[in-house]
Amino acid sequence: MRPHLIVCLTLAFLALLTPHLGQTQEVSLKMVSGFAENSMYVQRLQSWIQKVNAEGKGTLQINFLGGPKAIPTFELGNAVKTGVVDLALNTGAFYTNVMPEADFLKLTQISIAEQRKNGTFEAINKVWNEKGNMQYLGRVVENQPFHIYLNKKIDKPDLTGLKIRITPVYRDFFQALNANVITTPPGEVYTALERGVVDGYGWPIGGIFDFNWQEKTKFRVDPGFYDAEVSLLMNLPAYKKLTPAQREFLNKEVLALEADNSFWAHYTTEEIQRQDKAGIQTIQFDAATSGAFRLKAYEVAWSAAIKQSPEIANKFKTLFTK
Ligand code: 173
């Protein structure tokens, strides 16, 4: 072979090889949130994404595409399942259309740190892998009980004659309290209150000001019940495609975010004061009625869960309950 032909062939061979040799091993992941961008959940998410992107140069980057305007609330679960997006910040109630078990996570009575120790985290992932084609990466909201917010007064735990906005979180419990229930994403609650389509709604202790619902809210019913679950989820094939270094980096960042979950207890204190200042009155029951109210919330939800998905619900009940 003539020398210049050898050089040519060598160069061609190297050119073929170079993209692989020179691969940066940086992956860019598309992320969408089930909650609005101005919510505290998403504000904290965005600071976290900034940190991930700063520390993850050359390894992993997150491209945040937005909230329900990018993908409607109740469609995000399927977008993760099918790989339309790689990552989501979402809550189980928003993707019961993918797997009814998603909503069971509101029933955990132990922290995510404990869930990682006692086998709950693996148990969740087994179900999420198999039924949702998703990896359950971590839980970023804790200690946010749900409440009933009303603009009509009640003096006992009975919602007879009231129309209440729900998601799957509250359905069985509020129906057991005789409410007429209407499912809407958070983005439609303000208008529903304004038009008198509903007399109240379910929501965690924090966040009502993000939507200006305080303008249309007169009462909060205490005590709260369950624990709002908001988690990071990833399309399973996308997760499996990560290199060991990328996966380790991502998991380290998720654990760092979880380690900051003590934030939510402080947020609760602030939000209660803020509701108070906004003139929202609390409706409280005596100790025995309060106890029965909370007990009923869990009993109703677990019995619906067991009816829906007996094997998984029974397993989760043992793991989730203190
Ligand atoms: O929209 C909701 O009321 C709801 O289901 C929910 C779940 C977790 C956090 C906040 C709201």
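**Close-up 1. S33 stands opposite L89 of β3.** Strand β1 (residues 27-33) runs parallel to strand β3 (residues 87-90), and 3 bridges join the two. Strands are DSSP runs of E with at least two residues, helices are DSSP runs of H or I with at least four residues, and both are numbered from the N terminus; two strands pair if DSSP finds at least two bridges between them. The model is predicted: local features need pLDDT of at least 70, side-chain atom pairs count only at pLDDT 80 or more, and totals for chains, interfaces and linings use all residues. Residues are numbered from 1 along each chain as its sequence is written, and side-chain values use heavy atoms, with hydrogens and water left out.

**Close-up 2. An open sheet of 5 strands has the order β2-β1-β3-β10-β4.** Its pairing is mixed. The edge strands, β2 (60-66) and β4 (134-141), each pair on one side only. Direction ignored, neighbouring strands of this sheet are turned by 25 degrees against each other on average. Helix α2 (residues 40-55) packs on the sheet and touches β1, β2, β3, β4 and β10 (230-235), where contact means heavy atoms within 4.5 Å. The direction of α2 makes about 150 degrees with that of β2; axes are lines fitted to C-alpha atoms, for helices over the stretch in contact, and angles run from 0 to 180 degrees between N-to-C directions. Helix α9 (residues 244-258) lies across β1, β2, β4 and β10, running at about 25 degrees to β4.

**Close-up 3. An open sheet of 6 strands shows mixed pairing in the order β7-β6-β8-β5-β9-β11.** Because β7 (180-183) and β11 (281-283) stand at the edges with a single partner strand each, one side of each is left without a neighbour in the sheet. From one strand to the next, the twist averages 30 degrees. Strands β6 (residues 163-166) and β8 (residues 200-204) pair in the parallel sense over 2 bridges, and I164 stands opposite G200 in β8. Helix α11 (residues 287-308) lies across β5 (146-150) and β9 (219-225), at about 65 degrees to β9.

**Close-up 4. Helix α11 meets helix α12 (residues 310-320).** Their axes come within 6 Å and cross at roughly 145 degrees. On the α11 side, W302, A305, I306, K307 and Q308 take part, and they meet P310, A313, N314, F316, K317 and F320 of α12. By class, this contact has 7 nonpolar, 2 polar and 2 charged residues; Ala, Val, Leu, Ile, Met, Phe, Trp, Tyr, Cys and Pro count as nonpolar, Asp, Glu, Lys and Arg as charged, and the others, Gly among them, as polar.
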